[in-house]
Amino acid sequence: MKNIIVVESPIKAKTIQKYLDEVRKGSYTVVASGGHIKDLPSKTFSVEINKNEIISGHYEILSQAKPFIKKLKNLLIDANDIFICTDDDREGEKICEDIIETLKIKTYFRYAPREIIKSTIVNAIVNKVGIRQIDEKIIEAQRVRRLEDRIYGYGLSPVIRWYASQNDTPVKTHGTGRVEAIALDILYERHKAIIKYNEETPVPKDIVKADYKFNGIPFELKGDKLEFEKNEEEELEKSIRIARENPHVVYSITPDIGDYSPPPPFITSSMYSVASYRYGFEPDYTKKLAQELFYSGAINYPRTDSYTLSNDIVNDIIAYLKETINIEHHNDILNTKRKYKNKKGAQAAHEAIRPTIINIKNSPSYVMNTWRYDTKTARLKEDHFKLYELIWVHTVTTQLIDSQYDETEIIVRAGSLTFSDKAFFPINKGWEQYSGLILNESKREDKDKWRNREKVFPKGLRPGLELTHVTINTREKKSIKPRRISAGSLISILENLQVARPSTMHTISSKIIKKGYAKSDNTLFTLTNNGVFVAEFNSQFAPELINRKNATKFENTLQKIEEGTIEDTNEILKECWAYIDIVKGRVKFVDKKDREATKAQKETATKIYNSLSEEEKRNVNLQNFDNFEKASKFISSHKEKEKKQALTNAVGICPKCKNNSIVNKEKTFSCLTNKCSFVLFKNGLVKFFQSMKKDFDDKEIIAIVTTLLKDNVVFVSGLQTQYGNKDSYFELVYSKKYKSYSLAFLKKGQEVDAKLGIWENNLTNISAPVQSPTLVQKELSPKEKDVQALNHKIQQLEQDNKRLIDENTKDSLTRANNRKTLNDNLQKIINARNIPKINNMISVAFFDVDNFKRVNDTFGHKCGDEVLIALTDISYSAIRHYSINGNVYRLGGDEFVLVFYGHSPLLVEKLLNVIRKSIASKIFCEKTSISISIGFANFIHGDDVESLCDKADQALYLAKNNGKNSVEEYKNTVEEF
């Protein structure tokens, strides 16, 4: 019996499985949930308040979680212990509870790893160190946060849309959210400031300053409160006169030293923010880079709100610094380890973001040249390196001493005037002398501008000293136009306000853009009309929602719920529920049931009524057309009937929206939903074929379109073209000019793809190659017999030579190519990738048998060998049958590799599914059936043999994790965080 470990991330699962196999191979099975398994439905409100005013949500199992639940249920049948190791935060605790409740698990071990380190994991799982029960208080905090977000989103969104309709506003609104409303308001305030600046004529001011020279060293001081508008010439001249006529005496010198610590290691929000400042990376792009660095093993888990670094990592940092810094500068390394305090409300489920290993071989200067030779990191590019370097310096500099600056303040008086300034000069640059340029340029705030220049005062200045070399001048000060807020700046502002969890703040900007409330130009936001409308609505009717203090208070409330100091959480939700009614009252919102029908509704309802039969009309109450809700129900009911009727004429699935049916109408083939613009005109099809002397009746046209929608292509014979009679494949293409679809000849070289597309559903059980029959030969003459004998000897020599080659290149059991041949052949294909036959289209697929050990254990190794031989035969048969450029390789055991070149990824995926279905439908050893899981990857620029195979292997792991008997393609932008 095995022990089952459940985590959230597939990559974590793979890493932890490796650690545990090294200790006790075969004793543990690690599976990944892929995140939440239950949530509120996305298309319905799903929150209600009962007669006792108790607010609750109706959760449902997510469709993408069903394969995981099925797999875990099967594993639990013969399981010993189950360890639920989801993240140590609110979401992880909720996932844990949902798994326990859904699968009715009575006994479990809850362990929440904060670092994926072998010693820690093994100690926790094997020795059960750090095991606990689920924390109901944390789950309750998550529930309150989830329900409050849903109440705000679903409660206010229809109100905003109704308000827009009542004011004839030509905007499309998509509602609002709790944190999203604050972010939008921040952008709106800057938007107004920019407009105000542009509308006004900025008038520069004149500033009085004094230039001194002491002991031959010049320095400058600014006049305190000596800024004058252009219309204040008399005051300006008076101040200049006083400054020139009176002696300038040093009033005070206040020595001060400023200590500046290095910035903390990255958390998710600060990483996105700094990458935006430094390199102009959008948060979503930084997320992608971080994911791929994590997948490659270069960094740890990149979703965290904790500044904590483990003791082991801090020790590694100090060891690295001592090894790389000259011994005379070892004083720059801290004697006492520096620890950073987490922000209030941080879940601290993981360490700070850091490199996986801290040593010379993993330093930026080293990996810049070595990544390309490692299969795990070969696909990483320049932008990956830039982000890795930022993560590295933010980690390593944490254990260096503070930088120190002379910040002495000097004040000089001249009559009634005062001149002053602060020095800013490095005494000890500390951490800044190692990576200060990168870190200091990673963020630019207005309040820090004074730190961008050095200022030093001459020695020997003292109070009471009169300065004799004085020049009084003026400097023009121009007002600075407010800058648009960047993605990085928005994250920083939200983080400082503490209005949400740092690890989720990066999603806010993408939501605002996705809803059409703002546009991003090189990470700089510009509000759209839609965004301005929603921001003004929030400001006028929901000011409490955008109040920063209220948002911070809510985050503090969630923290108190976790701590157990707040128990009656229903009151919190009731306040939120009541607030929606307050906003509705402010805008005089009219509910659907009480709302008058719109003019368009009345016209539509009347039109539908006139189309009904007399018998149907008798069942319709015309007074209902005056009510919004009743008119809507009448129209919807009729459309639903039309939809059901239309479905009787369905000819296939829409290739554009992928969700609805294409229906046969009077003049067109169109998508069932009006939201989709797919349309194919019948008259256009008829004329298209008539131009090639081919007439089709309505039934034949329907058959052609049905085949097109099913197979993506259609084969038509007997066409007369300018090149003579022709049989051709056709595909659907979209015309921008006519905004509709039409037929077009399939491009040259795609006939194989077409053939596969048409036959895929009909050929799922490919048999082994048919042997050619033996031919009966006539009696040969003596001379012919001698020639035959010589030819036979030559053939024998050729066969012997082929046998020797095969022994070196073929697998002895299956006759598939072996591992050595895979490396050689794939390298040759990659080297020749630019020739027309390949055209950079190379795919590698890894597959193995699901539960192959069961076949050997139950039916014996002879049956297992039969399965392996059949896998090879079926794979070769599919490749030959479809004239595919490809080959079969056996790595060992039940592990096989398929290599294809010169074919599209779509064709490759279809062929792999044909092989998978064929194997699943076959009975082996007259006793059992099997299934295979397949993962494949497609060549991209920069790939080599190892990186391409590694990606295919990762895709195979994903196929196994998703329930087996499936085909999964490696995606470079897999969403996991």
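This report describes the cores, sheets and helix packing of a predicted model.

## Basis of the model

Residues are numbered from 1 along each chain as its sequence is written, and side-chain values use heavy atoms, with hydrogens and water left out.

## Overall composition

The protein chain has 977 residues, and 48% of them count as buried. Buried means under 20% relative accessible area, exposed means over 50%, and partly exposed lies in between, with a 1.4 Å probe and protein chains only. The accessible surface of the chain is about 51200 Å², and carbon and sulfur atoms hold 49% of that area. Accessible areas come from the Shrake-Rupley method with a 1.4 Å probe; for residues, only the protein chains shown count as cover.

The chain contains 30 helices and 34 strands. These are DSSP runs numbered from the N terminus: H or I with at least four residues for helices, E with at least two for strands. Among contacts with a separation of 6 or more, 72% link residues 24 or more positions apart. A contact means heavy atoms within 4.5 Å.

## Nonpolar cores

A nonpolar core is a set of buried Ala, Val, Leu, Ile, Met, Phe, Trp, Tyr and Cys residues joined through side-chain atoms within 4.5 Å. The largest such core has 97 residues, and the members that touch the most others are Leu-293, Ile-299 and Leu-494. Helix 5 (residues 136-166) is the top contributor to this core, with 11 residues. Another core, of 35 residues, lies apart from it and includes Phe-847, Ile-874, Phe-896 and Leu-912.

Beyond its neighbours within four places in sequence, Ile-299 contacts Ala-290, Leu-293, Phe-294, Ile-353, Arg-354, Pro-355, Thr-356, Tyr-388 and Ile-391.

Ser-509 sits in helix 15 (residues 506-514). It counts as buried because its relative accessibility is 4%. With neighbours within four places left aside, Ser-509 is in contact with Pro-283, Leu-490 and Phe-525.

Leu-907 belongs to helix 29 (residues 905-920). Its relative accessible area is 2%, so Leu-907 is buried. The C-alpha atom of Leu-907 is 9.6 Å from that of Ile-884, a residue 23 positions away along the chain.

Two strands pair if DSSP finds at least two bridges between them.

Strand 1 (residues 2-7) runs parallel to strand 2, joined by 5 bridges, and Asn-3 stands opposite Tyr-28 in strand 2. Axes are lines fitted to C-alpha atoms, for helices over the stretch in contact, and angles run from 0 to 180 degrees between N-to-C directions.

An open sheet of 3 strands has the order 12-13-16 and antiparallel pairing. Strand 12 and strand 13 (residues 403-406) are joined by 4 bridges, and Tyr-260 has Ser-403 as its bridge partner in strand 13.

Strand 11 (residues 248-254) has antiparallel links to two strands described here: 5 bridges to strand 14 (residues 409-414) and 2 bridges to strand 17 (residues 466-467). Ser-252 is bridged to Ile-411 in strand 14, and Val-249 to Glu-466 in strand 17.

## Hairpin and crossing helices

Strand 19 (residues 518-521) and strand 20 (residues 524-527) run antiparallel and share 4 bridges. Their hairpin has 2 residues between the strands, and Asn-522 takes a positive phi near 55°. Asp-521 has Leu-524 as its bridge partner in strand 20.

The axes of helix 6 (residues 178-199) and helix 16 (residues 529-541) come within 9 Å and cross at roughly 105°. Helix 6 is therefore roughly perpendicular to helix 16. Angles of 65 to 115 degrees count as roughly perpendicular, under 35 as roughly parallel, over 145 as roughly antiparallel, and the rest as oblique. Ala-181, Leu-184, Tyr-188 and His-191 in helix 6 meet residues of helix 16 including Gly-531, Val-532 and Ala-535.

Note on methods:
This is a predicted model: local features need pLDDT of at least 70, side-chain atom pairs count only at pLDDT 80 or more; totals for chains, interfaces and linings use all residues.
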